[in-house]
Amino acid sequence: MSDGNGLAEAMLGLDGFRVLEVAETPDELTITVETTTTIEGCRRCGTRAEAHDRRPVEVRDLACFGRPVRLRVLKRRWRCVESDCEAKTWTEAHPALPPRAVMTHRAGFEAARQVGELARPVSRVADEFGVCWDTIMTAVITHGAPLVDDPDRVGEVTQLGIDETSFLKANRAHPTVYATGLVDTRAGILIDMVEGNTAADLRKWCKRQPKSWLEAVAVVSIDLTDSYRSGLSPHLDHAARVADPFHVVRVANRCLDQVRRRVQNETKGHRGRKNDPLYRIRKLLLKGSERLDDAGRDRMLLGLRVGDPYDEVAGAWLAKESVRDVYLVDDPADAATLLDKTITGCGEDDVAEIRALGRTLGRWRTEILNHHTTGASNGPTEGLNLVIKKVKRAGHGFRRFDHYRLRCLLHAGGITWPNRPSPPRIRTHQSPLR
Ligand SMILES: [Zn+2]
């Protein structure tokens, strides 16, 4: 490899092409190539074809040393010599150059990886490649969909987590649109995303899954919504249902917030302001009791003394803490004792919101205690919700659910990205930053 073109070919790394010219502008590198094929048979009759002329076709390839690359391919046209053959002339094809594509195969794949694996905005990737938004999104679909649809992506799942996320915020045209995420909580991967959060949406998804796959699911963790609980029936009736601890505590936190807001309004006649005692301690109230230091505890108690004349907020705080206590014990029998005490205590309370909390806990008693018997939780699901939010931010507001689903699954669906080089590290050393 001594001549300049040979070097260029080595750098290009595409088999079957000869580099004719490399030209540069400040914005891009233009590489003119032609194919090295010399013999081709007619696709229709098989006769050896005659080389016709060459026509330039321009596509985008992988960036080279930080500059976008325009690949100018002088595509050969062939002609069939049989006068009565209908093939007449055709343009040569190459696996690196999909017909009518704007990008080479490898560039399209890299674009899909950037958007999918790295959750980068499509517009950003489009800028870097020097193509438009639609070209990148098409590449994401072309190269990403087969990875998502690969039947080996999700194996047998024993612990399924189900949780809702918002897909579109409410606006004038529609209320908030929700999506349901299904997660393998053991492996921490997103199995699928479903539009909607109703029992019917979940049931429809279950119906599409193979019977043997559903049978392997032993535990399903859900939040405290009746839609998911009923949507699990009939396909997942055999699985133990677990109310996820995060959501159980959140229900108690919401009760506390409701009471605080109401008392705030009744005592001050307006919503919380900066100097209102209850407003000032709103975050301290939600903190776990064991995480409060002495100063924080004093501030909280003072706020309650001043702002909570009938001990209603204090009551809701105690209810919240007793719900949290259920998760401080490991033994299922102890947990049952603590939970039943909480349910009874809430049920006898004078405050309506606390009584409602007691009723909710009562309706979910079995599912709450199943956490202790199965040891399952949605912990990883909550982590995945953060991942989904990252994808949403990169998308700057999705309009199409199928695009949203694809990008979430490419990012968090346990995809194995093929052919990704893993070069050895150059000059590893102990960083002073660590
Ligand atoms: Zn022919």
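Start with C346, which is buried at 4% relative accessibility. Buried here means under 20% relative accessible area, with a 1.4 Å probe and protein chains only. Before I go on, the ground rules. This is a predicted model, where local features need pLDDT of at least 70, side-chain atom pairs count only at pLDDT 80 or more, and totals for chains, interfaces and linings use all residues. Residues are numbered from 1 along each chain as its sequence is written, and side-chain values use heavy atoms, with hydrogens and water left out.

C346 is in none, and its nearest cysteine sulfur, on C255, sits 7.1 Å away.

Now pockets. A pocket is an open set of points on a 1 Å grid over the protein atoms alone, where a 1.4 Å probe fits, with protein on both sides within 12 Å along at least five of seven lines; lining residues have an atom within 4 Å of a point. Volume is the space filled by probe spheres set on the points.

The largest pocket has 25 lining residues, and E164, T165, S166, R250 and R254 are closest to its centre. Two or more lining residues come from each of β6 (159-168), α8 (245-268), α14 (352-363) and α16 (379-395). Those labels are DSSP runs numbered from the N terminus: helices are H or I, at least four residues, and strands are E, at least two. By class, that lining has ten charged, eight nonpolar and seven polar residues.

The second largest pocket holds about 320 Å³. Its lining has 15 residues, with R153, V154, I191, D192 and Q209 nearest the centre. α4 (133-149), β8 (189-195) and α5 (199-208) each give at least two.

Last, the cores. A nonpolar core joins buried Ala, Val, Leu, Ile, Met, Phe, Trp, Tyr and Cys residues through side-chain atoms within 4.5 Å. The largest has 56 residues, and L160, I162, W213 and V220 have the most contacts inside it. α8 is the top contributor, with seven residues. Take V220: leaving out residues up to four places away in sequence, V220 touches L160, I162, L232, L236, A239, A240, R241 and V242. Touching means heavy atoms within 4.5 Å. A second, separate core has 36 residues, including M103, V131, F167 and M193.

Conventions: Disulfide = S-S within 2.5 Å. Buried < 20%, exposed > 50% of the residue type's maximum accessible area, 1.4 Å probe, protein only. Nonpolar A, V, L, I, M, F, W, Y, C, P; charged D, E, K, R; others polar.
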